[in-house]
Amino acid sequence: MPKLPPPTDLKPYFLVLDDIDQEYGGRLDWPVFFGNDKPVEIDVGCGRGLFVFSASENRPDTNFLGIEIDYREGRRGARRLQKQERPNARIIGGDVNIAFTRMIEPHSVDAIHVYFPDPWWKRRHRRRRVFTDQFATLCAGLLKPGGHLHSWTDVEEYFGVISSLMNHHELFAACPAPEERGPEHDMDYQTSFERKKRQAGWQIHRGLWQRKPL
Ligand SMILES: C[S@@+](CC[C@H](N)C(=O)[O-])C[C@H]1O[C@@H](n2cnc3c(N)ncnc32)[C@H](O)[C@@H]1O
């Protein structure tokens with residue numbers, strides 16, 4: 001079967017990395033991409049986009065970009081953004097490591113969110129984890145000084161790894177962990193995974209770090 005090009009019906013709410021190459025010269029220049037110079041926050045592995053959807057509604061003065069390697073999930077999130085014609089939210093289908101390595105201006109991002117990254121339970125698969133020391137350094141290169149990196153997970157062991165590498169990273173300072181708050185309605189969770197895990201009674205580990213000055 002020949003590989004079909006991705007459908008274009010959700011543009012500009014869902015774009016793939018090839019679109020960024022072809023239509024934006026391979027660069028996510030925020031004022032060009034969003035058409036304004038508002039702050040930008042990125043949700044890494046945004047899944048079906050609950051965080052991007054809710055945050056872009058609650059904070060219209062900030063632009064939100066989800067990056068999701070699973071096109072099906074990313075498109076699902078983008079469909080909701082399209083229905084609302086949300087001007088400050090987009091989802092890109094592709095590998096965050098490619099986007100972070102070559103598409104984003106240094107120190108141009110206000111916050112990076114990494115919620116419930118895949119734990120890859122089997123030891124031999126651990127190297128597939130998104131959150132590594134190299135990833136933390138990439139984030140430090142993209143965040144503005146004073147910008148924040150948020151990461152939450154229900155996997156205690158993975159949270160231990162993330163906290164340890166962030167707490168010892170020379171370019172980040174640890175902040176007090178965000179407190180859990182009770183949901184006001186059934187979808188009042190940061191992400192779909194948080195909703196699923198909290199409703200099943202799991203403890204959530206929450207970390208917050210600040211990019212140090214240059
Ligand atoms: C466990 S899910 C969590 C989804 C969402 N953050 C949430 O909390 O509901 C992890 C997501 O990260 C995505 N992902 C994994 N590796 C990725 C990568 N290298 N680039 C972009 N997304 C990735 C997966 O496809 C999956 O949707």
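**View 1. Strand β3 is covered on both faces in this predicted model.** N63, L65 and I67 are buried on one side of β3. F64, G66 and E68 are buried on the other. In a regular strand, side chains alternate between the two faces of the sheet. The count for β3 is 6 buried residues of 6. The strand spans residues 63-68.

**View 2. β3 pairs with β2 and with β4.** Strand β2 (residues 40-44) runs parallel to β3, and 5 bridges join the two. Between β2 and β3 the chain passes through helix α3 (residues 50-58), in a right-handed β-α-β crossover.

**View 3. T62 sits in the loop between α3 and β3.** T62 counts as partly exposed because 17 C-beta neighbours lie inside 10 Å. Leaving aside neighbours within four places in sequence, the contacts of T62 are K38, P39, E41 and N88. N88 is 26 residues from T62 along the chain, yet their C-alpha atoms are separated by 6.8 Å.

**View 4. The ligand lies between the two domains.** Domain 1 (9-104) and domain 2 (106-214) both give residues to the shell around the ligand, so the ligand lies between them. There are 19 residues around the ligand. G45, G47, F116, T191 and F193 come nearest. Three elements each supply at least two residues of the shell: β3 (63-68), α5 (96-102) and α8 (192-199). By type, the shell holds 9 nonpolar, 5 polar and 5 charged residues.

**View 5. Domain 1 meets domain 2 through 16 residues on each side.** The chain is divided into domain 1 (9-104) and domain 2 (106-214). Their centres, taken over C-alpha atoms, are separated by 19 Å. In all, 16 residues of domain 1 are in contact with 16 residues of domain 2. On the domain 1 side, β2, α3 and α5 are the elements that give two or more residues. β2 gives the most, with 5 residues. This side divides into 10 nonpolar, 3 polar and 3 charged residues.

View 6. Most residues other than glycine have a negative phi, and most peptide bonds are trans. P12 is placed in the segment before β1 (14-16). E85 counts as exposed because it has 7 C-beta neighbours inside 10 Å. W120 lies in the loop between β5 (109-115) and α6 (133-142). With 15 other C-beta atoms within 10 Å, W120 is partly exposed.

Terms used
Residues are numbered from 1 along each chain as its sequence is written. This is a predicted model: local features need pLDDT of at least 70, side-chain atom pairs count only at pLDDT 80 or more; totals for chains, interfaces and linings use all residues. A residue is near a molecule or strand if its C-beta atom, placed from the backbone, lies within 6 Å of it. Helices (H or I, at least four residues) and strands (E, at least two) are DSSP runs, numbered from the N terminus. Ala, Val, Leu, Ile, Met, Phe, Trp, Tyr, Cys and Pro count as nonpolar, Asp, Glu, Lys and Arg as charged, and the others, Gly among them, as polar. Domain bounds come from an automatic or database domain assignment. A residue is buried if 20 or more other C-beta atoms lie within 10 Å of its own, exposed if 12 or fewer, and partly exposed in between; C-beta atoms are placed from the backbone. Two strands pair if DSSP finds at least two bridges between them. A crossover is right-handed if, with the strands pointing away from the viewer, the path from the first strand over the helix to the second runs clockwise. Two residues are in contact if their C-beta atoms, placed from the backbone, lie within 7 Å.
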